[in-house]
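Here is a short briefing to read alongside your model. Keep the sequence and the 3D view open as you go.

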Amino acid sequence: MAIIPQMSLFTWKEIEILGDLDRLRLVLDYMPDEAFMQSLEKKRGKGRNDYPVRAMWNSILAGIVFQHESIEKLRRELSRNGQLREMCGFEGQVPTSYAYTRFLKSLIRDEEMMDKMFETLVEQLLERLPDFGKRLAIDSKAISSFSKHPNKHETKDGRRDLDANHSQKVYSGVTKEGNPWQKVVKWFGYKLHLVVDATYELPVTFKVTKASESDITEGHKLLEQMEEKQPKLLKTAETMAGDRGYDDTKLITKLWDTYKIKPIIDIRNMWKDPDKTRLLPGKENVVYNYKGTVSCVCPETGCLLQN
């Protein structure tokens with residue numbers, strides 16, 4: 001009797017082996033954007049239609065799939081790739097830079113409808129993927145602006161980045177040899193605050209802020225955002241993992257007391273003294289560290305003994 005192994009329900013390998021055009025086709029086929037397209041077409045009305053709304057939108061999605069950092073790189077790709085132009089829906093020449101500027105402004109005005117598309121996709125994942133949303137993780141990521149510093153001219157003209165600001169993240173630890181290390185990352189721009197499904201590595205909710213906004217503050221806001229827009233997901237969640245940047249008593253209390261989600265968050269070292277351990281009150285050879293790990297000290301060798 002031949003044994004057929006169980007096929008995986010969801011694997012990124014099936015996507016990674018595809019070419020860019022094949023991945024784009026999947027995005028275009030499954031993006032729940034029909035209501036959004038109808039809304040944009042209605043707003044355009046009977047005006048000029050040199051570059052149709054659907055073709056422009058498809059090309060924006062193509063820029064994301066093809067990982068183009070700017071509109072000009074996307075335009076160059078469209079110029080040399082006839083298959084891409086056809087897939088997006090362009091019959092004539094590539095849209096001008098000005099056409100993209102106007103279209104992006106219209107997308108920004110309809111930000112709520114784009115958020116709704118994201119929420120619809122998350123709802124579909126919740127229905128189709130086993131245990132989706134049970135194990136969550138929270139983190140933030142730096143997004144650098146094309147600008148290098150604040151512009152002294154504060155007039156909004158579409159060319160200056162007036163919303164970004166400076167921030168930095170400090171990473172520290174101890175090497176295998178016991179030597180402390182520290183790395184400081186600085187950037188001018190924004191910060192992406194994100195909650196993901198830790199099993200499938202897919203986003204659940206997000207928020208983009210100025211670079212200087214606190215991870216803890218935005219962590220609270222992400223939970224409130226989920227409570228408002230994705231209450232079913234909060235009821236499904238069992239754990240929430242995060243690094244020490246989210247070690248906040250109020251956040252941990254909210255996760256468990258309000259949502260019954262177990263927080264799996266690393267502890268920050270708040271000890272001011274250089275000692276790595278402290279003596280447990282009432283004991284002569286029992287110590288603990290800042291994480292609460294209890295150890296015994298061998299009276300003869302002085303070595304720590306952990307269970």
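Predicted model: local features only at pLDDT ≥ 70, side-chain atom pairs only at ≥ 80, totals over all residues.

Residues are numbered from 1 along each chain as its sequence is written, and side-chain values use heavy atoms, leaving out hydrogens and water.

**Helix H9**
- Helix H9 covers residues 215-229; helices here are DSSP runs of H or I with at least four residues, numbered from the N terminus.
- Buried residues (under 20% relative accessible area, 1.4 Å probe, protein chains only) of H9 include Ile216, Leu222, Leu223 and Met226.
- Ser214 caps the N-terminal end of H9, with a side-chain oxygen 3.2 Å from the backbone nitrogen of Ile216.

**Gln225**
- Gln225 is found in H9 and is among the buried residues of that helix.
- A polar atom of the Gln225 side chain lies 3.0 Å from the backbone oxygen of Phe206.
- Leaving aside residues up to four places away in sequence, Gln225 touches (heavy atoms within 4.5 Å) Thr205, Phe206, Lys207 and Gln230.

**Helices H3 and H4**
- H3 (residues 34-44) and H4 (residues 53-65) pack at about 130°, with their axes 9 Å apart; axes are lines fitted to C-alpha atoms over the stretch in contact, and angles run from 0 to 180 degrees between N-to-C directions.
- Residues making the contact include Phe36, Met37 and Leu40 of H3 and Val53, Arg54 and Trp57 of H4.

How values were computed:
Helix = DSSP H or I, 4+ residues; strand = E, 2+ residues; numbered from the N terminus. Expected span 1.5 Å × (residues − 1). Buried < 20%, exposed > 50% of the residue type's maximum accessible area, 1.4 Å probe, protein only. Polar contact = N/O pair within 3.5 Å; in protein donor to acceptor, adjacent residues only side chain to side chain.
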